[in-house]
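Reader: I am new to this structure and would like to learn how to read its features one at a time. Could you take me through them, giving the general idea before each case?
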Amino acid sequence: MADESLTIIDNRTGEQYTVPVQDGAIHAPELRRLLSYDPAFLNTATCRSAITYLDGDAGILRYRGYPIEELAANAGFLETAYLLLEGELPDAEALARWQDDVRYHTYVHESVTKFLEGFRYDAHPMGMLLGAVGALSTFYPDAKAIDDRENRYLQRVRLIAKLPTIAAYIFRHAHGLPYVLPRNDLDYIGNFVNMTFEIGGRHEANPVLQRALETLLILHADHEQNCSTNAVRSVGSSRVDPFSAVSAGIAALYGPLHGGANEAVLRMLDAIGTVENVPSFVADVKKDHGRLMGFGHRIYKSYDPRAALIKDVAHAVFGETGVDPKLEIALELERVALEDEYFVSRKLYPNVDFYSGLIYKAMGYPTDYFTVLFALGRLPGWIAQWEEMITDPEQKIARPRQIYTGEDLRHYVPVGER
Ligand code: ACO
């Protein structure tokens, strides 16, 4: 029920609209013939969602009501995924069952590995990932039965179980290394790291680095209606299978203004080269109205709480691996930007991608692989949001309107007469 309403008078026609206001939003379809123009959804809520709460002014992020700080400090990644997907933290029995289900599905069909081998040695890992996940829909045609809850559960498990295997195989492909099969005696993160880095049947697990990776994945697990989640929801609204919808999310994440920013930050730090070059680099960004990669956010206007937590993770990781000299450049860049009126007035702060790339690099991942790790983290959020959308009776096929700016009616002229 609407608790308030807004009355709008169209001064051109005298027509009056009384639009219900509910939960701080007007119900735009009630505007009838009056369209709301909102490119890039700056001020449009496209759904009701009970998954992630985000207050951009206060720098608050919660999954299903739990502060991100508590989850990052205490929870496991699969436990967090369960929370996002089921709405509650699992008890010990439910968690064990969920972990078992995922463990049971970690293998990929041999043809998936052949499919991956078709990529060039220098193929971008995100291009490979989105292709491979899209291809999974052909391996599991049963996934089309999206109205069947049990079937959705099976596809959810398949996606979460197989993405690390595919991601590790993409890493091995780029390095010309043989694929390492999943190991059921290892946990989710341990298995992924082992499939990635094992050489000659050996890999010495580093618990600090594994926990750091797990924390990063938790911090990335959902972020309400971000670009890639919106892509998953929008594509999924055509009632396509979840593999196809998730591959659309991976495509959106690939872009440098979204998940691809972690890769772009490292390239930017490379281009800056030394701490002394930071002021002139910042001056150029301002002069050209360019972008400091890893800075700014559509919603966060005070600070990104994930960035604050990631800084702690960076210290833990660098304690193990030694400090990357680029950290000094990043810290100086942050200091200079946060004291500069240009960035302060635009409320630009480091976001989740600013420090994550340096951590991934220290862990041994190549720069073009960083966004794959983001995708591993974001996957439970994509699936949770997709399932919420699929089961929401208010949702229909996503189909925005437009304001036509093209030619008026004109008639075909044969080519010789033009
Ligand atoms: N560096 C310098 N200036 C910036 C930056 C930046 N990183 N981000 C925004 N601005 C400026 C814009 O030029 C604009 O200035 P103007 O008002 O003088 O024209 C103003 O700040 C507002 O910018 P918008 O583009 O309107 O902000 P929007 O909300 O559309 O974009 C985004 C948000 C895409 C994150 C942007 O800040 C950006 O491009 N950042 C760099 C890329 C990045 O780090 N992306 C990762 C985001 S987090 C994530 O997806 C996981």
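Author: Let us begin with a term: a cavity is a set of grid points where a 1.4 Å probe fits but cannot get out. Please keep in mind throughout that this is a predicted model.

Reader: With that idea in hand, how many cavities of 30 Å³ or more does the structure hold?

Author: The structure holds two cavities that reach 30 Å³ or more.

Reader: Now I would like to turn to the ligand: which residues come nearest to the ligand?

Author: There are 21 residues around the ligand, and of these His258, Arg291, Leu292, Gly294 and Arg298 come nearest. By class, this shell has ten nonpolar, seven polar and four charged residues. For polar contacts, one looks for pairs of N or O atoms within 3.5 Å. A polar side-chain atom of His258 lies 2.8 Å from a ligand oxygen atom, an N or O atom in the side chain of Arg291 is also 2.8 Å from an oxygen atom of the ligand, and for Arg298 the corresponding distance to a ligand oxygen is 2.7 Å. Taken alone, the ligand exposes 920 Å², of which the protein buries 76%.

Reader: Finally, how should I read a sheet, and in what order do the three strands of the open sheet come?

Author: In general, strands of a sheet pair through backbone hydrogen bonds, either parallel or antiparallel. Here three strands form an open sheet in the order 4-5-6, with antiparallel pairing. Strand 4 (52–55) and strand 6 (66–67) stand at the edges with a single partner strand each, so one side of each is left without a neighbour in the sheet. Strand 4 is joined to strand 5 (residues 60–63) by four bridges, and the bridge partner of Thr52 in strand 5 is Tyr63.

Note on methods
Residues are numbered from 1 along each chain as its sequence is written. This is a predicted model: local features need pLDDT of at least 70, side-chain atom pairs count only at pLDDT 80 or more; totals for chains, interfaces and linings use all residues. Side-chain values use heavy atoms; hydrogens and water are left out. A residue is near a molecule or strand if one of its heavy atoms lies within 4 Å of it. A polar contact is a pair of N or O atoms within 3.5 Å; within protein, one must be able to donate a hydrogen and the other to accept it, and residues adjacent in sequence count only if both atoms are side-chain atoms. Accessible areas come from the Shrake-Rupley method with a 1.4 Å probe; for residues, only the protein chains shown count as cover. Ala, Val, Leu, Ile, Met, Phe, Trp, Tyr, Cys and Pro count as nonpolar, Asp, Glu, Lys and Arg as charged, and the others, Gly among them, as polar. Two strands pair if DSSP finds at least two bridges between them. Helices (H or I, at least four residues) and strands (E, at least two) are DSSP runs, numbered from the N terminus. On a 1 Å grid over the protein atoms alone, a cavity is a set of points where a 1.4 Å probe fits but cannot get out, and a pocket is an open set with protein on both sides within 12 Å along at least five of seven lines; lining residues have an atom within 4 Å of a point. Grid points are joined across faces, edges and corners, and a volume is the space filled by probe spheres set on the points.
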